[in-house]
Amino acid sequence: CVFDISLPSEGVKSLSRRHGINRQTAIFYNSTFIRCPKPPTLELFFSNTDLSWSTNGTLIADAMLNISLEAGADWHLVGTIPYHAVVETTSVFPRTGPRAGETKVMVRGENFVNSTHLTCKFGSELGPSAQYISPTKVLCLSPHFPLGYGRAVVPVQVAVNKVDFSAATDSAIFEFHEPIVIKEVTPLIGLPNGRTIVNITLDDSTMRLRAVSIRGGNSQVSISHMDPPYGPATGGNLVTIYGEGFTPTHYTVCKFGGLTTPAYFVSKELIECSAPGSDIHSAVDVTLKIGGVDMSSSQRYTYLPLLIT
């Protein structure tokens with residue numbers, strides 16, 4: 001994979017650095033699918049004093065990334081991708097809603113882009129839709145959040161490419177609560193001019209029972225085997241996990257012992273992840289965490305020590 005960065009002269013160190021070429025070995029999957037890893041950053045185009053360049057939409061405006069494939073003497077331009085400033089989220093309204101989801105939430109922040117891949121994330125759950133309003137506003141729809149009982153406070157994050165989400169902040173949080181079940185209301189009558197104090201009692205036992213019933217939704221997820229079941233202690237190698245019950249609608253991570261790494265959904269029976277580096281040269285349990293819930297099914301993965309010759 002050949003990456004060609006182009007950046008307007010304003011804000012770069014010198015005119016000679018307007019273009020940067022970077023090559024990375026492509027990851028082959030099959031005759032119709034390859035992955036180009038580690039696209040280059042724009043950081044080297046700016047001086048050490050430009051510490052906020054990544055969030056400055058004006059500074060990196062019109063920065064482009066041309067992607068080409070090179071195989072011997074053969075060369076093919078795949079396409080051009082625009083760079084965008086790092087997205088920031090600063091507040092949400094309303095700040096609470098039911099676990100059943102479908103609450104319209106206005107998210108405020110910086111550097112939002114009108115993209116078909118605009119996505120909101122509530123904790124580990126992806127929102128079903130996101131509507132671009134302006135560079136500082138996105139209207140999100142809260143997802144179904146079926147984890148446990150009681151209040152769940154999670155950060156709200158936004159990505160314009162469905163991958164690179166804004167950093168979690170304490171100022172942009174959303175609280176999920178159980179569907180409210182009313183047990184009793186007293187009194188049932190009041191004065192016509194109002195001002196009657198009404199006491200509402202919630203049916204806590206019914207709310208708990210519903211939560212426990214919902215929580216079992218991921219029980220069908222299982223891992224059958226991995227390929228390969230071993231790799232270097234430096235990590236970075238692709239591991240394919242086979243099983244059943246995988247889903248693209250819940251944020252998933254692979255856990256190698258106590259280390260986590262993002263998982264890539266391929267199908268209901270296949271997930272891929274890049275093994276993290278480890279200081280432990282031994283076997284560890286590999287499990288999945290789906291939608292914030294640890295799955296019980298696991299397989300063993302062995303870290304191999306480096307051979308020094």
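## Terms and model

Buried means a relative accessible area under 20%, exposed means over 50%, and partly exposed lies in between, using a 1.4 Å probe and protein chains only. This is a predicted model, in which local features need pLDDT of at least 70 and side-chain atom pairs count only at pLDDT 80 or more, while totals for chains, interfaces and linings use all residues. Residues are numbered from 1 along each chain as its sequence is written, and side-chain values use heavy atoms, with hydrogens and water left out.

Let's turn to the salt bridges. The structure holds three of them, each a side-chain nitrogen of Lys or Arg within 4 Å of a carboxyl oxygen of Asp or Glu.

## Arg 300 and Asp 285

These two side chains form a salt bridge, with an N to O distance of 3.0 Å. Arg 300 sits in strand S26 (residues 299-304) and Asp 285 in strand S24 (residues 283-290), so the pair ties together parts 15 residues apart in sequence. Strands here are DSSP runs (E, at least two residues), numbered from the N terminus.

Arg 300 is partly exposed at 48% relative accessible area, and Asp 285 is partly exposed too, at 36%.

## Glu 70 and Arg 23

The closest N and O atoms of Glu 70 and Arg 23 are 3.0 Å apart in their salt bridge. Because Glu 70 belongs to strand S5 (residues 64-71) and Arg 23 to strand S2 (residues 19-23), the contact links parts 47 residues apart in sequence. Glu 70 is partly exposed at 40%, whereas Arg 23 is exposed at 53%.

## Glu 272 and Arg 35

Here the N to O distance is 4.0 Å. Strand S23 (residues 270-274) carries Glu 272 and strand S4 (residues 33-35) carries Arg 35, so this pair joins parts 237 residues apart in sequence. Glu 272 is buried at 5% relative accessibility, while Arg 35 is partly exposed at 23%.

Note on methods:
Helix = DSSP H or I, 4+ residues; strand = E, 2+ residues; numbered from the N terminus.
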